[in-house]
Amino acid sequence: AYDFFQGRRLFSLQSVARYIPFIVLAVIYLAIRSYALGGLAPKFSEHSYLSAFQNVLNIGPLLFRYFFNLVLPMKFSPFYVFYPVYSLFGMTALLSWVFVALFTLLYLYLFRKRGRAFFAATLIIAPLLPVLYIPALSTSVFAVRYLYLPVAGFTILMAIAVRYFYLRFNDGGKGRIAGALVIILLVLFAAASFKTITRNRVWRDDLSLWSETVALYPENYHAYLSLA
């Protein structure tokens, strides 16, 4: 993706030679993974109640939830309850798939432009693709730890967006609007950073961690089990 963004020829002899070490390492890793787990992505029985269609259907809500947590990181927990959708005609499924469609259109537009924003968007979506395959996930279907790498792409994308609006509206009253947007973003993410720091106290031991989780998610059976 980075080579594509840089305008390099992806299938030249020089490019392929550069990719060979990565391909070899990937093959070795996949072989070890398959041997250790008994398959590349062995299925867990926790979500066997979902049909193949429902597994695909829930990709939309999951992806929307990840993006929502990138923009508004709230209500942190070491374990999140999974609420699957069973029909496309529910409000959650419809809205999330509209979001996925809009993001796909935006991504295709960025793909044609071949700029920094395309690379940033790829850095968001590519690491999330494996964790959207619900049958291979255990009890923790959604987890904020899966956003460790995507948050780097999101940070780049936000910087590009702020720069775009600043340059576009940097005159008179429009400049003040751009400045206000930057201040709002800084306050929002400073608050999220402060919340992350304060959560270090929650992780001091198992009792404090799972007590807080039960308080946040009273319906979280895994939290009750861990607390017991």
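Student: Are α6 and helix α7 roughly parallel or roughly antiparallel to each other?

Tutor: The axes of α6 and helix α7 (residues 150-168) come within 7 Å and cross at roughly 150°. Axes here are lines fitted to C-alpha atoms, for helices over the stretch in contact, with angles from 0 to 180 degrees between N-to-C directions. Under 35 degrees counts as roughly parallel, over 145 as roughly antiparallel, 65 to 115 as roughly perpendicular, and the rest as oblique. So α6 and α7 come out roughly antiparallel.

Student: What kind of model is this?

Tutor: Residues are numbered from 1 along each chain as its sequence is written, and side-chain values use heavy atoms, with hydrogens and water left out. Local features need pLDDT of at least 70, side-chain atom pairs count only at pLDDT 80 or more, and totals for chains, interfaces and linings use all residues, since the model is predicted.

Student: Which hand does the crossing of α6 and α7 have?

Tutor: Look at how the near helix is turned from the far one: anticlockwise by less than a right angle is left-handed, clockwise is right-handed. For α6 and α7, the crossing is left-handed.

Student: What about α5 and α6: at what angle do they pack?

Tutor: Their axes are 8 Å apart, and the packing angle is about 135°. That makes α5 oblique to α6. The crossing of these two helices is left-handed. To come back to your question, the angle is about 135°.

Student: How are α4 and α5 set relative to each other?

Tutor: Helix α4 covers residues 59-71 and helix α5 covers residues 91-113, and their axes come within 8 Å. They cross at roughly 70°, with α4 passing α5 in a left-handed crossing. That angle is why α4 and α5 count as roughly perpendicular.

Student: How many helices are there in the chain?

Tutor: Helices are DSSP runs of H or I with at least four residues, strands are runs of E with at least two, and numbering starts at the N terminus. From that end, the elements run α-α-α-α-α-α-α-α-α-α. The chain has 0 strands, and its number of helices is 10.

Student: What percentage of the residues in the chain are buried?

Tutor: Buried means under 20% relative accessible area, exposed means over 50%, and partly exposed is in between (1.4 Å probe, protein chains only). The C-alpha trace spans about 60 × 50 × 40 Å along its principal axes. Of the 228 residues in the chain, the buried share is 30%.

Student: Which residue meets Arg 199 in a salt bridge?

Tutor: Arg 199 counts as buried, at 9% relative accessibility. It lies in the loop between α8 (172-198) and α9 (206-216), and the partner lies in helix α9, so the pair ties together parts that are 13 residues apart in sequence. With an N to O distance of 3.2 Å, it is Glu 212.

Student: And how far apart are N and O in the salt bridge of Asp 205 and Arg 204?

Tutor: Asp 205 is partly exposed, with a relative accessible area of 35%. Arg 204 counts as exposed at 63%. Their side chains meet with an N to O distance of 3.9 Å.

Student: How far is Gly 115 from Phe 4 in space?

Tutor: Gly 115 has its place in the loop between α5 and α6 (116-125). At 22% relative accessible area, Gly 115 is partly exposed. Gly 115 and Phe 4 are 111 residues apart in sequence, yet the C-alpha to C-alpha distance is 9.1 Å.

Student: Last one: which residue is 7.6 Å from Ser 87, C-alpha to C-alpha?

Tutor: Ser 87 is found in the loop between α4 and α5, and counts as partly exposed at 34% relative accessibility. The residue you want is 33 residues away in sequence: Gln 54.

Technical notes. Salt bridge = Lys/Arg side-chain N within 4 Å of Asp/Glu carboxyl O.
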